[in-house]
Amino acid sequence: MKSALTRTKAAAFAVTALAGIPLALSGCGSSTAPGSGGPVTEISVVDYYNNEPDKSVIGDTLTACGTQSGVTIKRETVPGKSLIAKVLQQASSKTLPDVLMLDNPDLQQIAGTGALAPLSDFNISTEGYPEGILSAGTYKDQVYGLAPTVNTIALFYNKDVLAQAGITPPTTWEELKTAAAALTAGDQYGLAFNANATYEGTWQFLPFMWSNGGDEKNIATPESAEALQLWTDLVKSGSVSSSALNWTQADVNDQFIAGKAAMMVNGPWQIPVLDKQAALQYGVVNIPVKDAGQTPVGPLGGEVWTVPQTGNKEKQAKAAQVVACMNSDENQLAMAKARNTIPSKTKVAAQFAAENPKLASFADLVETARARTGQLGEEWPDQATKIYTAIQRALTDQASPADALKQAQEG
Amino acid sequence: MTTTVQELARNPVQPVTDAPMKRHQGYRRRERIYQWLFLVPAVAYLALFFGYPVVKNVLMSFQDYSTSTFYTGEAPWVGFANYATVISSSLFSTAMINTALFTAGSIAGQFILGLGLAVFFKRRFPLNGILRSLLLLPWLLPLIVSSAVWRWILDKDGGALNNFLESLGIISTGIPWLTSTSLALAAVMAVNIWIGIPFNVTVLYGGLQDIPDELYEAASLDGATGWKAFRHVTWPMLRPVVSVVLVLGVVYTLKVLDIILGLTNGGPANSTQTIATQSYALSFQNFKFGEGAAMGNILVLISLVFAVLYLRANRRAVDE
């Protein structure tokens, strides 16, 4: 009898131990069960600004906006690359934050899952934004996210080097080719851009393709082929190092700073790094277009703020107030100044350009900039892959630009 | 408790002489339960961390598993559609060939260099121990760090390797190690060989230590020294260790991802794209988790073939 009792005890222990595992595991995920009742005092925020100065600028603005809405902010910053993985994991465990920041080309992907609430639910105004910026935050005719500040890419040039060579900043493709060839000497290449096998390579190519009338829906067009021909010519003639095939935008910036490239295609987020170089005098102009008179069209960069569907109406309402506050005119202007980005509202951007002449060309570009997901929505990642595949094949001489684009389009 | 009652019911009349036997049985049963209890943690661990992911990955490969699945939980069954898509993609054959070349080249390089170094370090000479531990360095560095450093070393314009070759006057312009479609795979392979040498040296060196010195003495009496001793003593005695090193090496190399992502990201023009990088890109860049899982399972299947070979080789080694 004694042995039987111990046996039962042991068996009971085993059962509890086994049953306890899933219980303990599920316990980890369900700490923030949606509930209502009681005033909302805290809302959670997830974003990827984990480097200074962005981290503090965004953090301070969030805190101020929280105070204005009567809530404290519980903020978590994750590395940019792991944000989407984190969001998907939170979506499946129903622990999405109250306010979520997303890189704009990812918005449609996440909105498509149904995890985000349309901003019209909370009467957030979408007035005063240019079409490109709104389309970046729109999924199926509903606006899900707003970007307080945005960016795009332009042509940076080394003033001293160009002046020495007696070259003015190029405005057309012909001028770009001549200037880049003339500026290539010794260790120095005329131009640096990023043509790597990632979406970043695609992003850098878009202004050339779009300004010439190319379209991401169908890349097998003469317009896109002409743009790719320009890149191919620049690399083949040696004006751009073939290392561009493996450079990131940060590498491109390093080349420019080291004096190994006289011009580069890059964005305003590099300005703080560039300004630290006392000896470097640089200017920024629009990315050259094929023929004088064409409008430069850049890709729109920047992060949008969204309100996920957490099931807690009170918290969502507070979250929406914070998103609206982040996008107020004053906050747009303040954050743009501190982060070298451009306010998204047209009126605020104009004021900003007048006060910050260095960023004026970016402010012009942003107004006409296009969102990468504007036409394709969730299909964008597929097409972006095709674009960088075509670029890499053309630049490595595997196919002519036209053929490379055609083969990539057909898959 | 219940079992005891049932047993009592089954044998209502217990002969007195059976009592010690009964006690013995109860003791054995209790012991068996304890044995199971000791197994529970291991079984639970295997089921949770190996069983569940494998089963989930197999299921996922038969589903249309997209970003929205994470929120809605809906993933329609699509049968073999994911497999059909990835296999019929134009990239599949490129990735297969690259995987085969990368694995074969890496293994051959790692093994030959590793074996050479292991034989070399078997001799006694000053600083042997220090040099051997320095050799482990590539193993100790995080892969992200080593790939970033190698990316800089192999850079066409300012890279250390090209600078070195230029200063020797061997080349006049930089070689595009990582940006030429014909060189990139070889360059990535070379870095992977560098990373794999410590593993090969360590295991092979251990195997060499186990070969009794008397064998070499006896062989030298018969006139077998140097290469002959290696051919007729070292190699046959090392065979079981060799098969383990090779098969494990293949499995480790097939799944290499971080080095390739860090060095070339699969470029230029997909010339370093392998099954592993392709599976990663499908799942985490294009958000096609079903297709990514299908690609991953193909890789698991290939690894499985080598894992079975390993188990068989191991069994034979034990039998011998």
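Trainee: How many salt bridges are counted between domain 1 and domain 2 of chain B?

Mentor: The count is 0, where a salt bridge is a side-chain nitrogen of Lys or Arg within 4 Å of a carboxyl oxygen of Asp or Glu. This is a predicted model, in which local features need pLDDT of at least 70 and side-chain atom pairs count only at pLDDT 80 or more, while totals for chains, interfaces and linings use all residues. Residues are numbered from 1 along each chain as its sequence is written, chains are lettered from A in the order in which they are written, and side-chain values use heavy atoms, leaving out hydrogens and water.

Trainee: Where do those two domains run?

Mentor: In chain B, domain 1 covers 15–72 and domain 2 covers 84–319, with bounds from an automatic or database domain assignment. Domain 1 of chain B gives 9 residues to the contact and domain 2 of chain B gives 7, contact being heavy atoms within 4.5 Å.

Trainee: And what area is buried between them?

Mentor: About 600 Å², with 63% of that from carbon and sulfur atoms; buried area is the accessible area (1.4 Å probe) that two parts lose on being put together, summed over both. On the domain 1 side of chain B, B:Asn57, B:Ser61 and B:Thr67 lose the most area to domain 2, together 53% of what that side buries.

Trainee: Switching topic, is B:Phe49 buried or exposed?

Mentor: B:Phe49 is exposed, at 53% relative accessible area, given that exposed means over 50%, buried under 20% and partly exposed in between (1.4 Å probe, protein chains only).
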